[in-house]
Amino acid sequence: MALKKFKLIANSNAPIDGDIFSPNNLAGKNIPEILNLETWLGKKRVKVSEIFEVTDESNESEELTLVFDGNITQVTRVGKNMSEGKIIVKGSVGAFLGIEMSGGSIDVDGDADTFVGMSMKGGTIQIKGNAGDAIGSGYWGSRTGMLGGLIIVQGNAGDEIGRWMKAGTIRICGNTGILAGSRLQGGSILIQGNSEGKLGASMVGGKVVLLGKTSSTFPSFYISEIKSKAKVDGEKISGPFYSFLGDIVENGAGKLFISVENNPDLKYREDFIP
Amino acid sequence: MTEFIIRNGFVVDPINNINCERVDIAIKDGKIVESVNESNAKTIDATDKLVMPGGVDLHSHIAGAKVNAGRLLRPEDHYKDYEVKKGLRRSGTGHSIPSVFTTGYRYAIMGYTTVFEPASPPIKTIHTHDELNDIPILDSACFPLLGNNWFIMEYLKEDKLDECAAYVSWLMRTLKGYAIKVVDPGAVEAWKWGGTSHGYDDPVPRFDITPREIVRGLIKVNKMLGLPHPVHVHANQLGKPGNYKTTLETLDSVRDLAGDNGPIMHLTHVQFNAYAGVDYPSISSGAAEIADYVNKNRHVSIDIGQVMFGDTTTMTADGPFEYQLFQLLRGKWINNDVEAETGSGIVPITYNRSNYVHAVMWAIGLDLALMIDDPWRVFITTDHPNGGPFTEYPRLFSWLMSKKARDKLQKRMPRLSRIRTNLRNIDREYTFYDLAITTRAATAKILGLKDKGHLGAGADADIAIYNINPKEINTSLEYKTIRKAFSTTHITMKEGTIVAKEGEIVGTPIGRTYWVDSHVPDDLHNSVIPEIKRKFEDYYTIKIDNYHVPESYLERSAPIQPSEVSAK
């Protein structure tokens, strides 16, 4: 199939509604047809030709690939509802990347904003830079978080990762803010850096693994044992870890693995291991 | 004002006994007239289309503090369902709780022109009027909640009916209210003091009065004041399996008060009050018993409160029920104690076709609509947004008009839910005439609106023209056509202005706000007012002057005189 290259030429910094930019939506369309599509620039209805330069390049891949050249931080909802194909962003991207996607993959070379992979059902999102708040969570107030798929962030991430998440995996290579895995129902979150605390608030299922340091843990989690390894997506990660169960205010059975080595101030809780 | 003449449409107008006949309708100065000068009049061609009076919905929570709180509680209800500005139409969001402007537009596009807000806590009525002012196109009114009001309970306990009538009359005038609404009488107050399950004859703590006495007392007051609408009752034990007995008790408790002038009590969203069984796993339909009672007794009218599958928000002044629903669903919720008056709560819910209880609830609503023979006393509502958003009405109409449509859906529901309800055995299908009665003519009549719900000379020119030929369509087979036709009118006209055309909003006149200018004799009024003022100082945290809604506050005030003042 083909590879379509997009270059942002908009002369305004107003937000652009990017939900037309998904391989599903653009499959089978030629360049003039794509340039003729309409979207929002701020409160103005514009044609794609007014905000993007689009070029066609063929490649050997069978899937349609969309490549965005440069930063597109003003474009939101890129890859909404996509189920196949590939999106590559050679720069940073705006909020709501890959929401409700069910397949395919998205690669971002720069940073991403909030709500990456909101309520996504499948597929892969990879961010080389940092990402904002609420990765893999549901929209504000919604009780449907991430339902499957994989999100990898090489840099740091913000608060409330995986809120209401039910399945799938989130891997953060850097540090995270507060409330990672709040209201977690299932699935797993791996944080390789440090956390600002409040891990797994009100979680009832699933797994949060923290390799770095956390500044606080909730008293509503009880420590069950020290485990030498934790499993994320079939991959064994060596610890040792304090294994917490909770959140007991919600009668939860979620699991919290916190590195023993990086959290010496949790040592007093070893006395409570049954 | 432009004059119009609507030609060649098939008119359905039950109040004037017109059933699918070709009648031309003449319109002048916002009213329907016998004839107009044909050379000046604009002609609207309605050939092979269905012409009905504008729809009248008597129970739909479209405005007030609870609706606004629901919007705040549910951002996820808004981000998927939005409309952008287009011509006269303002932008808006919301699915089960749309924003005010969107509410007006969506109703108008479906052919509804009059919608009443049925629950407004007196102290928050000024907020209700704020939102009613903002809703374009629709004529509306609000019903103050009086079933758990401290003043009322005290007056009725001491058997001071005259004073109670004077107080209610003062409230209607002060708050610009329209009718008496009773929600879970006594039980909300009992729950606030820590009581749990509350039967029809259990006394309310600290007031020592039973729900039975409150309902009977208010019905007597309603008669004395001659208010246009009967007492609007949300019965006790709502949502509990086995509650159909309480509903029958409520209906029967006022039978001796009945007069000759039609219903004295309107029992609302009865679907939620028609459950047999002892717990949720054994829940079944009690609709047959209630339908039987309504068929045999003329003093009561009901609306069904149909459940529609999908995501919606429940909001009611019935605080105890919302507490139980929250215990069941464990989601987010709001609960509020309205001082000295009532309670309220909001809980989001998703009705699911494969859920046994929801499937039974769905069938009970249709049971009621189809088993009550007199369409003048059973009205079609979804208790928006409790059973489902009002935008689902066309789907509901198609189930009423086509056995095939409801059977097809019911086959995909749990088997037990089919066995434990009556729907599978009912062959009745609504005609367009029946539908016009239950959604327009009868609702206008029960609300006491003489200018609504019909197309005779003198009526308001509220007209809905639908893209459907009632003579040619086979309603029992072509249910999808019905859905499509009723979801978007060809033309909706409000008081002689075309407001919607094929789904586009082309006019946004300001709707009226009806209220009852109720009065009692001066000496009675003068004797009661000092007492009200004194008690108000004791009971409320606000000053009585802040309680008033001045007439100038209403965008377009439409006072109605009560039929007869018979207070002694």
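Which helices of chain B do the buried residues of α13(B) pack against? They pack against α11 (356-371), α12 (393-401), α14 (415-419) and α16 (479-487) of chain B. The model discussed here is predicted.

**Chain B overall**

- Chain B contains 17 helices and 29 strands.
- Its radius of gyration is 23 Å, close to the 24 Å given by the globule rule for 568 residues, so chain B is as compact as a globular protein of that length.
- Taken along the principal axes, the box filled by the C-alpha atoms of chain B is roughly 65 × 60 × 50 Å.
- Of the 568 residues in chain B, 56% are buried.
- When contacts in chain B between residues at least 6 apart in sequence are considered, 78% of them join residues at least 24 apart.

**Helix α13 of chain B**

- Helix α13(B) spans residues 403-410, and its buried residues are B:A405, B:R406 and B:Q410.
- Viewed down the axis of α13(B), these buried residues fall within an arc of 125 degrees, so they line one face of the helix.
- An α-helix has 3.6 residues a turn, so residues three or four places apart point the same way.

**Three-stranded antiparallel sheet of chain B**

- Three strands of chain B form an open sheet with antiparallel pairing, in the order β20-β22-β21.
- The edges are taken by β20 (310-316) and β21 (334-338) of chain B; each has a single partner strand, so one side of each lacks a neighbour in the sheet.
- On average, and with direction ignored, neighbouring strands of this sheet are turned by 15 degrees against each other.
- Seven bridges join β20(B) to strand β22 (residues 342-351) of chain B in the antiparallel sense.
- B:M315 has B:I346 in β22(B) as its bridge partner.
- Helix α10 (residues 319-329) of chain B packs on the sheet and touches β20, β21 and β22 of chain B.
- The direction of α10 of chain B makes about 35 degrees with that of β22(B).

**Five-stranded parallel sheet of chain B**

- An open sheet with parallel pairing is built from five strands of chain B, in the order β14-β15-β16-β19-β23.
- Here β14 (181-183) and β23 (378-379) of chain B are the edge strands; each has a single partner strand, so one side of each is left without a neighbour in the sheet.
- Strand β19 (residues 300-303) of chain B pairs with β23(B) in the parallel sense over two bridges.
- Opposite B:I302 stands B:V378 in β23(B).

**Strand β17 of chain A**

- Strand β17 (residues 254-259) of chain A is mostly covered, with six of its six residues buried.
- A:G254, A:L256 and A:I258 point one way from β17(A), whereas A:K255, A:F257 and A:S259 point the other way.
- In a regular strand the side chains alternate between the two faces of the sheet.
- Strand β14 (residues 207-210) of chain A pairs with β17(A) in the parallel sense over four bridges, and A:K207 stands opposite A:K255.
- Strand β16 (residues 235-246) of chain A pairs with β17(A) in the antiparallel sense over six bridges, and A:K255 is the bridge partner of A:L245.

**Contact between chains A and B**

- Five residues from chain B and five residues from chain A take part in the contact.
- On the side of chain B that touches chain A there are two nonpolar, one polar and two charged residues.

Terms used. Residues are numbered from 1 along each chain as its sequence is written. Chains are lettered from A and ligands numbered from 1 in the order in which they are written. This is a predicted model: local features need pLDDT of at least 70, side-chain atom pairs count only at pLDDT 80 or more; totals for chains, interfaces and linings use all residues. Two strands pair if DSSP finds at least two bridges between them. Axes are lines fitted to C-alpha atoms, for helices over the stretch in contact, and angles run from 0 to 180 degrees between N-to-C directions. Two residues are in contact if their C-beta atoms, placed from the backbone, lie within 7 Å. The radius of gyration is taken over C-alpha atoms; the globule rule is 2.2 Å times the number of residues to the power 0.38. A residue is buried if 20 or more other C-beta atoms lie within 10 Å of its own, exposed if 12 or fewer, and partly exposed in between; C-beta atoms are placed from the backbone. Ala, Val, Leu, Ile, Met, Phe, Trp, Tyr, Cys and Pro count as nonpolar, Asp, Glu, Lys and Arg as charged, and the others, Gly among them, as polar. The arc is that of the directions from the helix axis to the C-beta atoms.
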